[in-house]
Amino acid sequence: MSLDSQAVAKIARLARIAVSEEDKAHYAKEISGILQWVEQLSEVNTDGVPLMTSVSNIKLPLRTDIVTDGNQV
């Protein structure tokens, strides 16, 4: 996916960021490179890879669900 200066201007307007005319071409190239990298990630075969909900396999301790005053005076 490739972006042009017009798309960068629209993104900047939506993000409420001021971007000068000479910087729009630079940002278009940078964002296009990032989007190409993300597209490469979608080509990776992830069949058989279990979903990950956390980086560590540690279960957090659970507390009893009792209503208290929060120990506040």
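Lys and Arg count as positive, Asp and Glu as negative; His and the chain ends are left out. Each charge is placed at NZ of Lys, CZ of Arg, CG of Asp or CD of Glu.

This is a predicted model: local features need pLDDT of at least 70, side-chain atom pairs count only at pLDDT 80 or more, and totals for chains, interfaces and linings use all residues. Residues are numbered from 1 along each chain as its sequence is written, and side-chain values use heavy atoms, without hydrogens and water.

**Exercise 1.** Find how far apart the mean positions of the positive and negative charges are.

*Solution.* Count the charges: the protein chain has 7 positive and 10 negative.

**Exercise 2.** Locate the salt bridge in the structure (side-chain nitrogen of Lys or Arg within 4 Å of a carboxyl oxygen of Asp or Glu).

*Solution.* Search the whole structure: one salt bridge turns up. Lys24 pairs with Glu21, with the closest N and O atoms 2.8 Å apart. Now place the pair: the two are three residues apart in helix α2, so about one helical turn separates Lys24 and Glu21. Helices are DSSP runs of H or I, at least four residues, numbered from the N terminus.
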